[in-house]
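Please look at the chain shown here.

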Amino acid sequence: MSQIMITEMSFSYKTFYEPIFEKVTLNLDTDWRLGLIGRNGRGKTTFLKLLHKEFLPDKGTIKMEVNTELFPYENKVRYSLTMDVIKENIGGLRTLEDNLEDMEALGRYLELDGFSMESLIKKEMYRMKLAEELLYRDFSLLSEGEKTKVLLIALFLRKDTYLLLDEPTNHLDIRGKKDVAEYLKRKKGFLVVSHDRSFLDEVADHILAINKSDITLEQGNFTTWKRNKDLKDEFEARAGERLNREVRQLERHAKESRLWGGTANTQKYAFASHARTNGAKAFMGQAKRSEQQIMNKIEEKKTLLLNYETAAKLEFEQLETEGTLLLKGKDIMYSYDGRELFYGLSFDIKKGDRIWVRGENGSGKSTLLKLISGKLSTRGFIRTEDLKITEALQEPLWREGYLKGFIKDGNGDDFEKLCRLFDLPDSLFERPLETFSRGELKKIEIARALSMENHLILLDEPLNYMDLYFREQLESAVLAINPTLVFVEHDEWFGEKVATKVITIGN
């Protein structure tokens, strides 16, 4: 067990002088299963990079006695066999095996438990619910979910390393998320960033929350933290109403004091003396001091409840349709890269349907959305005339440059309104897209799709990288507006809440 000691740490991005952290002081135990949460753009990934020494604090210190590794990471090893990929990512073990005649290499190999590593790898594969035969397949041929699990195994087999896991379940299917959660429950000594409520409940024993004005640390899982946060928010909402009334009253008094002082300055003061201090002037000074005291109280009250926040009500529109049936798929067949994805798939999309497309990684969920949108073609689709479809992609369409260059006059106002509702920063149009977090880019992508005229909305994993407030915001809006919607999502909580129909593929 060791400590990570953060003392008076401050950090800002220099290009736009955007403060991210100011005077943060924390002590973290490296044996904890620590969940890191916070709204998009609050600096979660930045915090990991500061711990990993990829960034250096502007002020203050971060001290730790262990090495760190950051996930996800790019697999850059020259070996192709999955067993060799794992070994090499543990600490160059596979390269050391090629040089065991060198005494220095042999010594390092022994330090890393090289001779027992294959049995340890097989044990971890079993715990991750991966078939042992995958170890003897080409790594590049594994599914994305399998690759994620394999690279996690390599990290957890490293010695004396504190792991920083940045949303490790993104793009994993429902079964994959459960497998990773069960695997992490057996481990200790990591920090994981996630917005997945069920996942955090499974794996975390402490929660580190980046709030609007500070960072808080609590023992327990996500549900424990959320219960405490709701109680605080409930109290602060009531206190906020009272404070707003007090601020309005103080502002009224400040205005009266200002008028009072102004009147004293223009009228003769009945009780003015012949002393050196003019009575009207003293009266005006007293009024100004009184006003300043009131203004100080106003500012003091405005600094209270800085962590109270809610998600704005999300509103968007959908075009009306004459008929009920929008699209029909009958006996759909489609193959990709020599593999049959669909055979005899049939479904209807009617006005008001909210269809959840479920399936394992690689089963063809995103491909089905492309077929529905018309980006890919095959026989069996019947669409109503002039059907307008909008889609939010799994990977945002706009990732580089400035938003001003992408916005069209026709829907710019609606797009900007949605961005504000999504709590995106005021500097939205002044900053290049490369400076936004992945969650913020995803919000921009969804705002782009929802601001376009449509009869049907397609959402491909809309909750990847999204904070809790956005998840609840989108969930509430879908239930209230009842749009015609087809979505791919691995968050069971969301899917079960909003779906009216389910298409399960690949099983």
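**A hairpin and a helix**

Strand 8 and strand 9 form a hairpin with 4 residues between them. Helices (H or I, at least four residues) and strands (E, at least two) are DSSP runs, numbered from the N terminus. This is a predicted model, in which local features need pLDDT of at least 70 and side-chain atom pairs count only at pLDDT 80 or more, while totals for chains, interfaces and linings use all residues. Residues are numbered from 1 along each chain as its sequence is written, and side-chain values use heavy atoms, with hydrogens and water left out.

Q: In strand 8, which residue is the bridge partner of Ile37?
A: Strand 3 (residues 33-38) and strand 8 run parallel, joined by 5 bridges. The partner of Ile37 in strand 8 is Ala209.

Q: How many residues of strand 8 are buried?
A: Buried means under 20% relative accessible area, exposed over 50%, partly exposed in between (1.4 Å probe, protein chains only). His206, Leu208 and Ile210 point one way, Ile207 and Ala209 the other, and all are buried. For strand 8 (residues 206-210), the count is 5 of 5.

Q: Why are the buried residues of helix 5 on the same side?
A: The buried residues of helix 5 (residues 117-127) are Met117, Ile121, Glu124 and Met125. They are on the same side because the arc they cover around the axis, taken from the directions from the helix axis to the C-beta atoms, is only 105 degrees.

Conventions. Pairing = 2+ DSSP bridges.
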